Amino acid sequence: MEFTDEQITRYSRHILLPEVGGKGQKKIAKSRMLIVGAGGLGSPAALYLAAAGVGTIGLIDSDVADLSNLQRQILHHTPDLGRPKVVSGKEKIQALNPDVNVVTYEDRLIAKNALELIRGYDVVIDGVDNFPAKFLINDACVFAEKPLVHGGILRFDGRVFTVIPKKSACYRCVFKNPPPPGLVASCQEAGVIGVLAGIIGTIQATEALKLVLGIGRPLTDRMLDFDARRTSFREIKTRRNPNCPLCGEHPTITELFDHEPESCELKQAKVEA
Amino acid sequence: MQVKINGKAEEVQGATVLDLLKAKNIDPHMVAVELNNTMLEHDYLATTSVKEGDQVEFLFYMGGGQ
Ligand SMILES: [Zn+2]
């Protein structure tokens, strides 16, 4: 695969980086990334990965763009209201960079389709808004042994966490199960500061590119928590948990399953110190 | 005695991890608990005591993304 003059110019600021160069840019161009959820986190991730020249971006989402999404879901513009998010997303990605092959799935990720979908990609980005889907993505990535960049946002707080299956802690090494129903409120009720999606989604995209390039130190075995009120990041060390029901020594989860659907947010009593 | 809770030094009474959660009004189901960088199973919250200098993390679920 050779780059055209136009592509060399487009990606010149990457190629100038010794850690990337022409060789790294080719790795990016050959990479396939699956973004689950074309919403708050998926939007900035998709746009930056498209700009970076990722070869194939898979977008899966079953929703249509709603007016209340536009405060943070920057893939979708006002004229897109009512249109499927994957369609709107594909248009924006291709307008930004026609080099990118966009594969869309107007669907939900469920136990039945998750493995097959994920197997076709090199890296998976979690941009979903609910725990059943987050746990399913984690499980599917561990079974398929595909690196996962997990992200979450709520109110003024965000979190990023990279999982390299069987090598680093997975989501269930920390959280064994979704929070019990009844303790949760929907994210519509909870609210989120829109820019947070940009911060967290962009860190997820950074992680995905690093994984493909094989440079630096991935965000594995540590959760990166961001507090927008204080503009402060904090790292929480994690490690593989021998009691993990998925990747531990005696796993109890041996095949994919869907958790009961529930809303996306936990009413959290903040730790006040 | 002093322990670190979510990165901050705090003065607490000698107690179990569950007591710390109760004192902070945190439902144990809402957090994953790490004691000195090792996950602590929920079954052991009531029987694990906290010692001077321990590092405790209460990790809340963070769910949204859309
Ligand atoms: Zn695990």
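Predicted model: local features only at pLDDT ≥ 70, side-chain atom pairs only at ≥ 80, totals over all residues.

User: What makes the site of the zinc ion tetrahedral?

Analyst: Four donors count as tetrahedral if all angles lie between 85 and 135 degrees. Among the four donor atoms of the zinc ion the angles are 94 to 118 degrees, so the site is tetrahedral.

User: Which atoms are the protein donors of the zinc ion?

Analyst: They are the SG atoms of A:C170, A:C173, A:C244 and A:C247, lying 2.3 Å from the ion. The cut-off for a donor is 2.8 Å. Along the chain the donors have the spacing C-x2-C-x70-C-x2-C. A:C170 is in the loop between β6 and α8 of chain A, and A:C244 in the loop between β9 and β10 of chain A, so this pair ties together parts 74 residues apart in sequence.

User: Why is α3(A) called roughly perpendicular to α10(A)?

Analyst: The axes of helix α3 (residues 21-30) and helix α10 (residues 194-213) of chain A cross at roughly 115 degrees and come within 9 Å. Angles of 65 to 115 degrees count as roughly perpendicular, which means that α3(A) is roughly perpendicular to α10(A). The contact is formed by A:G24, A:K27 and A:I28 of α3(A) with A:L209, A:V212 and A:L213 of α10(A). By class, these residues are four nonpolar, one polar and one charged.

User: Why are α4(A) and α10(A) called oblique to each other?

Analyst: Their axes cross at roughly 40 degrees and come within 8 Å. Roughly parallel requires an angle under 35 degrees, and roughly perpendicular 65 to 115. The pair is therefore oblique. The crossing of α4(A) and α10(A) is right-handed.

Technical notes: Residues numbered from 1 in each chain as written. Chains lettered and ligands numbered in written order. Heavy atoms only, no water. Axes fitted to C-alpha atoms, helices over the stretch in contact; angles between N-to-C directions. Helix = DSSP H or I, 4+ residues; strand = E, 2+ residues; numbered from the N terminus. Parallel < 35°, antiparallel > 145°, perpendicular 65-115°, else oblique. Contact = heavy atoms within 4.5 Å. Nonpolar A, V, L, I, M, F, W, Y, C, P; charged D, E, K, R; others polar. Donors = N, O, S within 2.8 Å, 3.2 Å for Na, K, Ca; no water. Tetrahedral: all angles 85-135°; square planar, octahedral: opposite > 155°, others 65-115°. Left-handed = near helix turned anticlockwise from the far one by under 90°.
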